[in-house]
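Please keep the sequence and the three-dimensional view at hand while reading.

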Amino acid sequence: QIGTIIADTKLPSRMHGYFEEIRECFLLGLMYPAVGLCGVLVDLGFKDRFRALGLDKKYPARNVHSMDDYKMKEIIRAVCSRLGPGSLKDEAERIWAMSSDILHGREANIKLDTDEVLKFIKKTFNTLEKLYRS
């Protein structure tokens, strides 16, 4: 089933390698890395859009920080706020938080079985496609 997941939106070329790695991890039964890489993709996608929307501009004013100083949830919220209403914020925050929990050894909100991880991967791909369609 994972072999048929195709991103139908033109995504940045650096993301294609991550999609392939996620597929390979899944097919090899490496569920932790597959879920973790989904979080990395959300991170990359939202930071890319954050820059593209000009939200990372540095100004000569005090209390303005570079993007490296932002927390990921702040970046997701800022991008989604700029893109307008929709379910993208909730989806992206959920994916990022769930993968972060896995990567940092916290209580996982996802079963690391084939069906759950496949659903998670599909949600991640779908969210990124929505992000780049907006």
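Of the 134 residues in the chain, 40% are buried. The model is predicted.

The secondary structure consists of 5 helices and 0 strands, so that the pattern along the sequence reads α-α-α-α-α. Contacts between residues at least 6 apart in sequence were also examined: 68% of them join residues at least 24 apart.

K10 lies in the segment before α1, which spans residues 13-27. K10 is exposed, with a relative accessible area of 78%.

The cysteines raise a separate matter. How many disulfides does a search of the whole structure find? The search finds 0. A disulfide requires two cysteine sulfur atoms within 2.5 Å. The sulfur of C25 has its closest cysteine sulfur in C38, at 9.5 Å, and therefore the two are too far apart for a bond. For C38, the closest cysteine sulfur is likewise that of C25.

| Residue | Relative accessible area | Class |
|---|---|---|
| C25 | 10% | buried |
| C38 | 0% | buried |

Both values fall under the 20% limit for a buried residue. K10, at 78%, is over the 50% limit and therefore counts as exposed.

How values were computed:
Residues are numbered from 1 along each chain as its sequence is written. This is a predicted model: local features need pLDDT of at least 70, side-chain atom pairs count only at pLDDT 80 or more; totals for chains, interfaces and linings use all residues. Side-chain values use heavy atoms; hydrogens and water are left out. Buried means under 20% relative accessible area, exposed over 50%, partly exposed in between (1.4 Å probe, protein chains only). Helices (H or I, at least four residues) and strands (E, at least two) are DSSP runs, numbered from the N terminus. Contact means heavy atoms within 4.5 Å.
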